[in-house]
Amino acid sequence: MNKIVEITPFFKQLTKENQDILLQHGVETFVREGTTLFYEGDEARSIYLVRSGKIRLSKMTMDNKKFFLHLKQDNDIIGEFSLFNDMSVSMTAEVVEDSTLVKFNRDHLEALFLQNGEIAVSFIKLFARNTQSTQAKFSDLLLYGKVGALYSILIRFSNSYGEKYNNDILLSVKLTNQDIANYIGTSRETANRMLQDLKKDNVIAFLNGHILIKDIDYLKGHLRCGRCPVEICTI
């Protein structure tokens, strides 16, 4: 099956020469599912490039519940938000699938930026894009409530992990009702009820544990999706 949206990930946007230079400054490591790379509030020391696998980023709410923000995949960068400042890490990074990563020392990476302006600019653009994506996600939640947050998450997953399946969009990652609840900041029961409502309206279906989006325009219409770059509307 083919992806619905072709998005060039960060690492692939670099020239081959700059890819090689960047890799020379890191150490490749294999990390098992269930490992936590860093916790929210930790001192920012390392940045990671995902060569394969999946890493989930989350924050803790005021009532001590996990709020999922992003699910990073091959050729994405993890921890770039700690660059260029002395603030502590703002998210927790959990390995949700066995992963091969390249680990960069933050100080060494910032020294590289002084030598290679092209790589530095690429990281700055990445930081700005990811910040805008996170802000847009919160905006959907604030403006359209839990229902809008659910629609937003489904659209974002379709852009990042959606594959063509006949005339529909199949999400290649499996999401439980609890996962969905954690992505939109609600209870599992509420998430289940909203998903069942979409199923009754033939907007989504379920196939072997995967979500099948049958009417993406319905979701976009509710959120009044504009012409924002698709890179902003990802997970």
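**View 1. A salt bridge between Glu-94 and Arg-56 in the predicted model.** In this predicted model, Glu-94 and Arg-56 form a salt bridge in which the closest N and O atoms are 3.9 Å apart. The pair links distant parts of the chain, since Glu-94 belongs to strand β6 and Arg-56 to strand β3, 38 residues apart. Both of these residues are buried, and together with Lys-66 they are linked in a network of salt bridges.

**View 2. Lys-54 and Glu-97 joined by a salt bridge.** The side chains of Lys-54 and Glu-97 meet with an N to O distance of 3.5 Å. Lys-54 lies in strand β3 and Glu-97 in strand β6 (residues 92–105), so the pair ties together parts that are 43 residues apart in sequence. Lys-54 is buried, with a relative accessible area of 17%, whereas Glu-97, at 34%, is partly exposed.

**View 3. The hairpin of strands β3 and β4.** Strand β3 (residues 46–60) runs antiparallel to β4, and six bridges join the two; Leu-57, for example, has His-70 in β4 as its bridge partner. Five residues stand between the strands of this hairpin, in which Asn-64 takes a positive phi near 65°. Six of the seven residues of β4 (residues 66–72) are buried, so this strand is largely enclosed by the rest of the structure.

**View 4. A salt bridge between Asp-168 and Lys-214.** The closest N and O atoms of Asp-168 and Lys-214 are 3.2 Å apart. Asp-168 is in strand β8 (residues 168–171) and Lys-214 in the loop between β10 and α7, 46 residues apart. Asp-168 counts as buried at 14% relative accessibility, while Lys-214, at 31%, is partly exposed.

Terms used. Residues are numbered from 1 along each chain as its sequence is written. This is a predicted model: local features need pLDDT of at least 70, side-chain atom pairs count only at pLDDT 80 or more; totals for chains, interfaces and linings use all residues. Side-chain values use heavy atoms; hydrogens and water are left out. Buried means under 20% relative accessible area, exposed over 50%, partly exposed in between (1.4 Å probe, protein chains only). Helices (H or I, at least four residues) and strands (E, at least two) are DSSP runs, numbered from the N terminus. Two strands pair if DSSP finds at least two bridges between them. A salt bridge is a side-chain nitrogen of Lys or Arg within 4 Å of a carboxyl oxygen of Asp or Glu.
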